[in-house]
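Student: I have a sequence and a model on my screen. Can we go through some local details together?

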Amino acid sequence: MSEPLLPVEEAGKESAASTTTDLVQDDALSQASDTLYMATSTSQSYYNAADGTTSHNEDNNPYWKKVWHDAQNFNVSKWYTPMCNKYRWYIVAFWIMFWPLGITYYPKFLELTDTQFDAPSGSLAANATDVYTEAYEKSDSMQPEILVYVEVSEEYHAVNPQDTFTDRTSQLYSDAKNFTEYFDAYAQSLIAEYNEDDDTDEYYATVGSYYLYESIGIPNYGADQFVAADVPSTYIGIAYASPDGKREDFNSDLEDWIDENEPASCRIRLTGITAFTTATRESSEDDMALMDHVVLPLSLLALAAILGNLSLMLVPVLCIITAICTAGTLMYPVAQSVSVTQFTPSIMMSISIAMSIDYSLFLLSRLTENLAFGADLDYAIENMLEHAGHTIIASGTTLIVCFMGYALFPMDLIRTVGYGATIAIMSCLMVNLSLTPAVMFITGEYFLKPGKTMSMLCCNQVGNPGRYRMRFPPASEDDDNDEQAADEAAGEEVEDLNENSGALTESLLPKEKAKAVAAAVHYDLDVDTPEDIEDMRNSIWYKSGRFLIGPKGIYALIGLCLIMAPVCYFWIETGKSLAFDLFLPKQSDAGDTFDDYADAFGEGYLAPYKLIFDGRETNTSVNTQECFDVMDTVIQALSDAGKFPATPSLEAFDGIHTISGEVIGYGQYMDALSCGIGYQCVNESKRTIATVAAAQNSPEGTTTYTTVILNTDPYDGDGIKWLDDARDLLDDFGKSGQLQGFQVVLQNGATVTHDAIDDVYNCFPMMIGVTLVVVFVLVGAFFRSVNAPLRSVFTIGLTLMFVYGLAVLVYQYGWLEWLNWSSVKNTGEIAWLPPIMSFSIIVGLGLDYDIFLASRVLELRLEGYDEQSSILKGLYKTGGIITAAGTIMAIAFGGLLLGGEVLLNQLAFYIFIAVLMDTFVVRTIMVPILMGLSHQYTWWPQKLPPETKSWDQCGTMVHLGEMN
């Protein structure tokens with residue numbers, strides 16, 4: 001077998017035909033220097049020499065030639081590597097400084113996360129909120145209602161089964177009434193403290209209960225509202241406004257007071273939106289603990305297995321800790337400025353672990369490969385930063401741009417997930433590109449020469465830094481310490497080079513390059529040894545690559561597309577559910593309490609609607625026949641069971657027109673107002689009507705509202721359909737003049753969430769388009785090609801459709817119900833957040849592997865390999881690493897499948913399947929086939945050097961000159 005030719009030698013031959021001897025020597029030697037340094041501009045230098053042209057041919061001054069040469073061939077890694085070596089201790093100290101900052105501020109960042117958001121500006125929900133706030137002159141900072149669920153304790157009920165909460169002769173009645181009164185007093189004392197601290201009177205708490213209504217003489221109405229008909233239970237409702245920073249404190253203080261003062265006859269629990277928020281945060285903290293204690297060790301074990309060096313695991317551990325602490329520290333001020341969703345920390349943690357390990361794998365695998373092929377530590381790190389560093393910069397930059405696409409959404413909670421993910425990726429990039437080389441310069445001589453014990457643990461050769469076959473036996477300590485001998489050898493070889501190239505060449509080859517150039521004479525990372533060829537021929541990647549880029553590859557591609565097509569079809573059915581149970585932790589006291597409360601009273605009680613009738617525009621009082629006519633028209637229409645099954649009767653409505661399912665006529669209403677409230681009015685029915693009017697009419701008397709309680713979860717599909725249909729009905733009534741000048745709007749319930757999510761999904765197509773355009777531009781710029789980004793967009797689009805379609809089949813059709821695993825159970829709906837959140841992650845991860853594979857293939861093509869050979873060798877060099885990276889990423893994000901929230905389970909499913917799909921199907925099968933089909937147009941329109949290396953059909957390395 002003949003020795004392969006180097007591209008630089010071929011370049012020198014072609015140059016000789018069109019340039020003077022001195023210039024040929026100049027360009028050839030400069031290209032040799034840059035090849036040995038693996039410079040990215042080698043191919044451009046090649047073309048300048050081959051064409052016999054330079055942009056400085058008008059001036060033959062050697063000084064300007066040197067300036068032009070240095071500018072043309074400037075390589076950041078050559079400058080950055082010695083800087084990392086020189087300041088290695090300062091770099092390590094700088095990053096470790098973030099550890100105490102992260103320990104301090106990360107918990108504070110977690111405390112600031114939230115699940116609440118405002119109605120989008122200009123939406124129907126925002127308009128309804130403005131109407132209520134202006135008409136009732138109440139703070140628009142009113143928080144979600146707190147529900148205190150009170151039921152008979154099992155012990156008491158076993159002894160006194162006949163007692164009820166409304167029986168004045170029972171101990172149960174006495175205990176519950178006393179508890180409610182003291183509870184009300186305690187809540188008012190907390191609110192008074194808030195007002196005093198902020199020097200305001202805008203904070204308040206309105207505590208509603210059966211015993212309050214009984215005290216004002218309307219016990220029957222109170223029983224209808226607050227006492228369950230079939231279950232021995234009641235509830236206390238608290239509508240309140242508090243400082244934003246005190247909302248959870250208010251809930252927590254009330255819960256603590258309940259625990260301390262709960263009577264023996266009752267079991268009392270607190271639930272509501274804020275309680276869910278707290279439970280979700282606690283579940284997220286548990287998920288992060290799972291990541292720390294289970295997912296991270298498994299990921300590190302997978303990394304150690306692929307690298308073959310257990311000692312090197314210190315590097316990703318340091319990078320992960322540092323990246324997490326840095327990201328948490330930087331997100332703390334963000335969380336102080338805008339509302340950050342509670343799922344952001346979990347997503348940031350997953351990204352930090354996954355990307356740090358991913359980047360460590362790319363960097364360290366290249367480093368150990370260079371060392372195994374004979375490079376010294378300095379050159380190995382420089383080469384690592386130039387190639388693997390370049391790849392992760394391109395990948396990370398693309399990921400960052402993808403996540404910054406979330407800034408296009410109109411909701412802070414979505415934007416801040418993008419901010420968090422962006423900060424996490426930037427932290428991973430900066431940490432890995434600086435801390436990794438710094439630690440290697442400090443500890444490399446120890447970690448990269450594992451002893452017998454460490455090598456045995458990884459089933460590796462003693463002294464081998466990684467999994468690659470070593471070209472030279474490990475050097476002895478005497479050889480490593482013999483700096484003088486190395487310097488002398490370097491000097492002699494540089495002298496030989498300078499003698500052959502003249503004075504001009506000497507000026508183009510600075511002495512600081514001399515040692516590395518001379519050392520490169522002893523090892524050439526581009527040359528394939530017989531052992532390398534044997535390893536490649538025996539690998540599964542080479543064998544599969546031969547098939548994939550052969551004539552049968554097209555059939556494999558068509559077969560894959562046909563298999564995936566039926567699943568891809570279902571992506572159009574992807575839901576965007578707001579259902580409450582999808583966002584709750586699977587196991588939490590607040591969730592269990594809500595389930596019991598919903599069984600007793602109905603799910604609609606947690607998020608009731610206000611149907612507001614506003615006559616301010618025409619200055620029409622609610623105490624008029626016109627207002628009652630409008631209310632009758634609207635309420636009768638909404639109680640049509642055929643058209644509005646969620647409000648099938650008048651029992652769902654409560655206001656001055658309808659009370660406890662009974663319609664109140666205008667005359668009856670005016671008579672009740674004359675009677676008044678309190679015991680001065682001897683008729684309880686009239687007292688009830690007057691009390692409801694006092695509570696639900698505005699101070700000016702031109703606005704009133706009716707409470708609407710659905711018989712279903714307002715956030716599920718049936719509840720959202722009711723909201724959309726009701727709004728359409730009101731719009732039709734307004735256009736037809738049936739509202740007689742009144743503005744009728746729906747407030748609270750699911751209005752804010754529904755409108756916000758609709759706004760988000762209206763922006764989603766634009767975000768997809770912008771992201772794909774940016775991906776096309778970035779990938780095209782990175783590879784200087786049009787075909788490369790087209791291939792990337794096609795394969796990523798196929799992955800997205802397959803993953804979205806499979807999620808529909810699993811969560812909406814129950815394909816995996818037979819597993820009896822709650823994380824993939826048939827929920828009937830997909831939460832609105834996972835399709836949005838997973839999009840950028842899937843795009844980013846897909847590009848991560850695509851860039852890693854394609855950049856290695858292009859690197860080999862620039863070294864002179866023909867198209868098929870560069871694909872085969874690139875697949876061999878990266879196939880195992882991509883598989884390992886994908887496995888690690890699947891472990892990292894798959895850990896969220898074990899999490900406590902259905903929402904995170906669904907998000908994890910999207911990412912987990914996408915990673916597996918991308919790792920084992922797209923990058924290892926489809927991309928090589930597509931590259932093989934495109935042949936010489938793979939990198940079009942980039943100019944490439946002539947093909948000087950090829951594999952023959954038997955897998956033997958030959959140079960093309962001998963083949964011809």
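Student: Is Glu151 buried or exposed?

Tutor: First, the ground rules: this is a predicted model, where local features need pLDDT of at least 70, side-chain atom pairs count only at pLDDT 80 or more, and totals for chains, interfaces and linings use all residues. Residues are numbered from 1 along each chain as its sequence is written, and side-chain values use heavy atoms, with hydrogens and water left out. Buried means under 20% relative accessible area, exposed over 50%, and partly exposed in between (1.4 Å probe, protein chains only). Glu151 has 14% relative accessibility, so the residue counts as buried.

Student: In which strand is Glu151 found?

Tutor: Strands (E, at least two residues) and helices (H or I, at least four) are DSSP runs, numbered from the N terminus. Glu151 lies within residues 142–152, and that strand is β2.

Student: Which residues is Glu151 in contact with, leaving aside neighbours within four places in sequence?

Tutor: Contact means heavy atoms within 4.5 Å. On that basis the partners of Glu151 are Phe165, Pro232, Ser233, Ser265, Cys266, Arg267 and Arg269.

Student: The side chain of Thr164 reaches which backbone nitrogen?

Tutor: Thr164 sits in the loop between α9 (154–159) and α10 (171–198). At 35% relative accessibility, Thr164 counts as partly exposed. The side chain of Thr164 comes to 3.2 Å from a backbone nitrogen, that of Asp167.

Student: Which elements do the buried residues of α8 pack against?

Tutor: The buried residues of α8 include Ala125, Val131 and Tyr136. Their packing partners are β7 (609–614), α29 (684–696), β11 (703–708), α30 (717–736), β12 (743–748) and α31 (751–783).

Student: Which residue does the disulfide join to Cys675?

Tutor: A disulfide is taken as a pair of cysteine sulfur atoms within 2.5 Å. The structure holds one disulfide. Its S to S distance is 1.6 Å, and the partner of Cys675 is Cys681.

Student: Why is the disulfide of Cys675 and Cys681 right-handed?

Tutor: Cys675 is partly exposed at 24% relative accessible area, whereas Cys681 is buried at 0%. The handedness follows from the torsion about their S-S bond, which is about 105°.

Note on methods: Polar contact = N/O pair within 3.5 Å; in protein donor to acceptor, adjacent residues only side chain to side chain.
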